[in-house]
Amino acid sequence: MTVHSENGLTRPMLTAQNVTKTYQQHVAVNDVSLEVSQGEVVSIIGPSGAGKSTFLRCMNFLEVPTSGTVTIGERSITIGPDHKSPSRKEVAALRRGAGMVFQSFNLFPHLTVLRNVSLPQERVLGRSRSEADERSRALLERVGLSQKADAYPSKCSGGQQQRVAIARALALDPPVMLFDEPTSALDPEVGAEVLAVMKELARDGMTMIVVTHEMAFARDVSDRMLVMADGGVLECGDPRVIMKQPTHPRTERFLSAVLDR
Amino acid sequence: MIDDLLGWTEYVPELAGGLGVALKLTAISLLLGYPLGLLLVLITDGSSKLLRGLGLVIVEFGRGIPLLVLLLIVYQGLPQVELTPTAMVSAVVAFTWSAGAYSTEIIRASLAAVPRGQSEAADAAGMSDRERFRFIIFPQAARLAIPPLMNLAVQWFQFSSLAYVITVPEIMQSAYFQGTVTFDYLSVFIAAAFIYAAVTIPTSALVTRLEARLGRHL
Ligand SMILES: Nc1ncnc2c1ncn2[C@@H]1O[C@H](COP(=O)(O)OP(=O)(O)OP(=O)(O)O)[C@@H](O)[C@H]1O
Ligand SMILES: [Mg+2]
């Protein structure tokens, strides 16, 4: 099933075509396609084990799809019987097209907040230390954490760590940002700080794919909602429409379960 | 009475030369053994089947055979293959072998203890394998590995006493020699014990503090 963006005018920023991921016998993602245009925010929802994380991680090859094509900007990799497996270089190039924010933050604990944001810029983009630091400080300011620049991650709250992780990903100037349940490990009020940063990013035109259980965020911020279950797509469309009138009984069950919480 | 209790102290200076030899044996075998351990981790995790097998044999024998036995085999065995090492060289070979095998396990465990999410974050940023190892994995693994590697050093200093069986003039060899002269074995051995404790106890305390310091942010 291919889901085209509603706004046909803008070119797709990220495309997944027939992405499948199997583990031994188990099909985690089953032939999922998605096209995300520039500036679009797509939220992915669905029950646990639906394959949301696996699908998202296939976008930057943290999981290598069993088959399918992923295109980000100009870079494209196809996995399939007629294609040779991509080189480490090609994978790294594709990854540069997407910043990723993890549920568990994954900041580098041995580096200060500033170094967390600067080091990848220096290694991956070849920026000088002073260039990188300047950019890092600007981004830390933007996520409201200038005062934490010299602290170590262990001295930051979860919400602060996640905002640093967002700054670290943004520092590489990726055209697309991928979020995998960025607030699931946080208390609701701390999660709100993170969601506020993400909302602002979306408003500034960032192309985003967000796996989330935050239904209010999905409804208010995303342009499109993708509902997954059992590795496949149940439905995809306007989040308000889906949340009001899901077409699939499975979606209905899932929505009533999360909204009742 | 006090003279009787502290009589052993007069033997401490006599054992100073032995202490120097013991420290030298410990230091050389660890300076060679730690890099050997890192090398063994790389080859036993590497792609070459032959090297992997060889590495595994070195590690398993190094850990499986008691150091005393290794020591005697090296000392008696090398001359059989037309090599005539000094006692000290034999001791260094056996101690390095064993230290390499044990540090392989420490280094491997420390690398494995760095959470998977760290690699993923480096990968997602587009770092190369080499950059990921050098800037993200290695610095964290090193903080975990340094305290147990230092504990290994403390243990190796104690084990250096085994080298007396192949006539390395370390602390116990000196102590026996003093004993044969004075027949005051107990005092001499107490003096030797004092020297070992004077090195190991402060070092261990230092390791504990270092461990807390290195682990601060992890
Ligand atoms: N490395 C793996 N090996 C084997 N099976 C896996 C692996 N990773 C994921 N799976 C399986 O794939 C399916 C999809 O997992 P995935 O993590 O993508 O689900 P999810 O929708 O993100 O769920 P959650 O909401 O719990 O995060 C699950 O059944 C999971 O057990
Ligand atoms: Mg998940």
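From the N terminus on, the elements of chain B follow the order α-α-α-α-α-α-α-α-α. Chain B thus comprises nine helices and zero strands, where helices (H or I, at least four residues) and strands (E, at least two) are DSSP runs numbered from the N terminus. The C-alpha trace of chain B spans about 70 × 45 × 20 Å along its principal axes.

The model is predicted, and local features need pLDDT of at least 70, side-chain atom pairs count only at pLDDT 80 or more, and totals for chains, interfaces and linings use all residues. Residues are numbered from 1 along each chain as its sequence is written, chains are lettered from A and ligands numbered from 1 in the order in which they are written, and side-chain values use heavy atoms, with hydrogens and water left out.

Ligand 1 is surrounded by 13 residues, a residue being counted if one of its heavy atoms lies within 4 Å. The closest are A:Ser48, A:Gly49, A:Lys52, A:Ser53 and A:Thr54. By class, this shell holds four nonpolar, seven polar and two charged residues; Ala, Val, Leu, Ile, Met, Phe, Trp, Tyr, Cys and Pro count as nonpolar, Asp, Glu, Lys and Arg as charged, and the others, Gly among them, as polar. Strand E2 (26-37) and helix H1 (52-59) of chain A each supply at least two residues of the shell, and H1(A) gives the most, with three.

Oxygen atoms of ligand 1 lie 3.1 Å from a polar side-chain atom of A:His26, 3.1 Å from a polar backbone atom of A:Ala50 and 3.0 Å from a backbone N or O atom of A:Gly51; a polar contact is a pair of N or O atoms within 3.5 Å. Taken alone, ligand 1 exposes 630 Å², of which the protein buries 61% (Shrake-Rupley method, 1.4 Å probe).

How values were computed
A polar contact is a pair of N or O atoms within 3.5 Å; within protein, one must be able to donate a hydrogen and the other to accept it, and residues adjacent in sequence count only if both atoms are side-chain atoms.
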